[in-house]
Amino acid sequence: MHSFHSMLNYFPEEVLEHIFDFLTSHRDRNAVSLVCKSWYAVERFSREKVFVGNCYAISPERLIARFPRVRSLTLKGKPHFADFNLVPNDWGGYVQPWIESIVRGRVNLEELRLKRMLVSDESLELLATFFPNFKSLVLVSCEGFTTDGLAAIASNCRFLRELDLQENEVEDRRGQWLSCFPDSCTSLVSLNFTCLKGEVNLASLERLVARCRNLRSLRVNNAVPLDALQRILAQAPQLVDLGTGSFVHDPDTESYNKLETSMQKCTSITSLSGFLDVSARCLPAVYPICGQLTSLNLSYAPGIYSDELVKLICYCNRLERLLVLDTIGDKGLGVVASSCKELQELRVFLSDVYGIGNTAVTEEGLVAISAGCPKLNSILYFCQQMTNEALIMVAKNCPNFIRFRLCTLNPTVPDAITMQPLDEGFGAIVKSCKDLKRLSISGLLTDQVFLYIGRYAKQLEMLSIAFAGDSDKGMLSVLNGCKKLKKLEIRDCPFGNVALLADMGKYETMRSLWMSSCEVTFGACKTLAQKMPRLNVEIINENDQIEASVDDKQKVEKMYLYRTLVGPRKDAPGFVWTL
Amino acid sequence: MAQENHLNLKETELRLGLPGTDESDDMICSARNNKRAAPESVDDSVPKANSTEKSSEHETSSASKAQIVGWPPVRSYWKNNFQPKKVESETRMYVKVSMDGAPYLRKVDLKVYNGYPELLKALENMFKVSIGEYSESEGYKGSQYAPAYEDKDGDLMLVGDVPWDMLMSSCKRLRIMKVSEKGPGCAV
């Protein structure tokens, strides 16, 4: 062994670098950089793609100092529960300081991927101005910018390949941003503007598509009508990924017939989404390509009901990824189970958030899917009810789950038949699925389920808990047992100071911990913050002003703690208190 | 009838507060004070698991469910852009509904429904009839009743032919028509 290591050290750095070139995953590169100082040095100069899971864990200056050749940067901002309105919009996660540092650092940035961050038009303009080679911008669940910022990107990024906007809140400034792509722009490979609410110049869009011969992925918004889509498809039969806009039209018209023809020619489309505004009677136009599809997202179409969904899905025999609303029903899921034998990922979202109708799915649908789709490894399932028996059967049928997320409409609903807690069901899941990395549990759950999780979920990296458990023992089981835990988010559980403080060092091995409406007190949070200087312990207190003399015994409404190398952040708003 | 059901179920309703706490308590507070119903009260709710009462239970507790911040965990992006807003915050669209043979008319707010299935289910509940399944070629099969609406031109149209949005913008009133078994062409 010793001689082997010595041999590798005598390799010239170029050889090491060449070997490291084959390492694309940041985890592999992180591991390699810990082997020895020379490997660290070689690796840091050769790393081009950097992933930062929490933008406050490190500063842009230190990142650039370590990775001067960075060309692609991924940043994540707000904690996950921000998706459900639990975190105020101005909590933080600003990209501006990052971009300013990157500009100052003369980094040759080509790719920027942001999730849950605050992005301003100014940030986008900086990007557009200072990075002539900029190629790829991916914004997921971000906000703070307008179509003016997009116009800057379109106008100035001459080699732009990818503009991918997913579920962002973007203010429409009616500036015809899409028309800002110059005639010389032919480099686009991927364009996704589904989340934009405003109009785009359809003629500009058609011309853009026509001249970008490498365009593989196009997802348009609601303002692009069906007949425009037809003209676009006629120009781009090479598309691999299509997101339709408005899919409403009178099926008895020539426009619609032309669409059917154009659609048939798109023999490369394997991914289909959109249907933001859809008339079920227009769906048959996509039947010809159903057999090619590996990915289908119908989760933006609350108006399509089970019968029509099923008519579409039963042709999708190669489907690997399906996103639907619970309007599909248990019976519809039965059809999925018998038609989509290659299915790997399924997400069944809630269609009826305010409880007006009664369209949810139950444990029946889940069991049917597990029985029919042996390759299933990832599921998100919103359901009316669940049983232990069903979960046990699912665990037996599908031992390959990497992601298992179940959400019952009533957060503390017991087993629908036995009225028992759902501990045994989830226990079966973690016991059977040895590679489980992400788990969300719901329903009536006691400390027992956490005992199971701690004992069996050895690969678990992310756990989401709500309204579960009886005592600190629950949380302790998880912290002690789940060695690979990275993110833990807890709301409305009876976990308190004993659990929080039992193993403070654990939190430095994790990215973050969120606890809201639990039993932890200010005093305990202060203790934790004092003892662990490399953690930021933030208290989010929207209602009251932060007072210096707060009672230590008072319970904390929302606490978010995360490991960091750069101490308390300086951009925290008034209602966030870093202890 | 619906009122009675509501009263009967209230006491055994599966809630997050202690049994006996006032329903007007802030849901967030009651969740903190007592994380879940104790096992005894869970047993009390055994009859609620019965599927015949499932739908009314869902309706009565759904209003209080919706008050828990962030539950169910639906992405706010989706909620803001694809979910019809709560009725209070939008203008309503009440239309009269008549049924052949019924002594008085009813009114429904079309904005409350996401689409045809929900509207038809609501009409079936309201008038205690079964409406049958829509088919383009045969109208509503399998029942004596067919839903129709009066459009802007005053014509009587069969419900279901046009996209839901189009119905919403053109429907002036609804009428549940009694049709003979031979089909809609022989309306009584």
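Is Glu461(A) buried or exposed? Glu461(A) is buried, because its relative accessible area is 14%. Buried means under 20% relative accessible area, exposed means over 50%, and partly exposed lies in between (1.4 Å probe, protein chains only).

These legends describe a predicted model, in which local features need pLDDT of at least 70, side-chain atom pairs count only at pLDDT 80 or more, and totals for chains, interfaces and linings use all residues. Residues are numbered from 1 along each chain as its sequence is written, chains are lettered from A and ligands numbered from 1 in the order in which they are written, and side-chain values use heavy atoms, with hydrogens and water left out.

**View 1. Arg27(A) and Glu461(A) form a salt bridge.** The closest N and O atoms of the pair are 3.0 Å apart. Arg27(A) lies in helix α3 (residues 26–33) of chain A, and Glu461(A) lies in the loop between α18 (447–456) and β20 (462–466) of chain A, so the pair ties together parts that are 434 residues apart in sequence. Arg27(A) is partly exposed, at 48% relative accessibility. A salt bridge here is a side-chain nitrogen of Lys or Arg within 4 Å of a carboxyl oxygen of Asp or Glu. Side chains of opposite charge can pair when their charged atoms come close. By this rule, there are 29 salt bridges over all chains. Helices (H or I, at least four residues) and strands (E, at least two) are DSSP runs, numbered from the N terminus.

**View 2. Glu171(A) and Arg173(A) meet in a salt bridge.** From N to O, the distance is 2.9 Å. Glu171(A) is partly exposed, with a relative accessible area of 43%. Arg173(A) is partly exposed too, at 40%.

**View 3. Glu345(A) and Arg347(A) are joined by a salt bridge.** Here the N to O distance is 2.8 Å. Glu345(A) counts as buried because its relative accessibility is 11%. Elsewhere, salt bridges that share partners link Arg29(A), Glu43(A), Arg47(A) and Arg66(A) in one network.

**View 4. Four residues make a negative surface patch.** They are Glu13(A), Glu14(A), Glu17(A) and Asp21(A). Glu13(A) sits in helix α2 (residues 13–21) of chain A. Glu13(A) counts as exposed because its relative accessible area is 51%. Patches are made of residues with over 30% relative accessible area and no salt bridge; like charges are joined within 9 Å, and nonpolar side chains (Val, Leu, Ile, Met, Phe, Trp, Tyr) within 5 Å. Lys and Arg count as positive, Asp and Glu as negative, while His and the chain ends are not counted. The place of a charge is NZ of Lys, CZ of Arg, CG of Asp or CD of Glu.

**View 5. Phe11(A), Val15(A) and Ile19(A) form a nonpolar surface patch.** Together they have about 210 Å² of accessible area. Such areas come from the Shrake-Rupley method with a 1.4 Å probe; for residues, only the protein chains shown count as cover. Phe11(A) lies in the loop between α1 (2–9) and α2 of chain A. Phe11(A) is partly exposed, at 34% relative accessible area.

**View 6. Strand β4 (residues 136–140) of chain A is mostly covered.** Five of its five residues are buried. On one side are Ser136(A), Val138(A) and Val140(A); on the other are Leu137(A) and Leu139(A). Strand β3 (residues 111–115) of chain A runs parallel to β4(A), joined by five bridges. Lys115(A) stands opposite Val140(A) of β4(A). Two strands pair if DSSP finds at least two bridges between them.

**View 7. Strand β24 (residues 558–563) of chain A pairs with β22(A) and with β23(A).** Five of the six residues of β24(A) are buried. Strand β22 (residues 512–516) is antiparallel to β24(A), over five bridges. Strand β23 (residues 535–540) is antiparallel to β24(A) as well, over six bridges. Tyr560(A) stands opposite Trp514(A). Tyr560(A) is also the bridge partner of Glu538(A).

**View 8. Pro533(A) is found in the loop between α21 (522–531) and β23 of chain A.** Pro533(A) is exposed, with a relative accessible area of 65%. Pro533(A) and Trp39(A) are 494 residues apart in sequence and 29 Å apart in space, C-alpha to C-alpha.

**View 9. Chain B has seven helices and seven strands.** From the N terminus, the order is α-α-α-α-α-β-β-α-β-β-β-β-α-β. Of its 188 residues, 43% count as buried.
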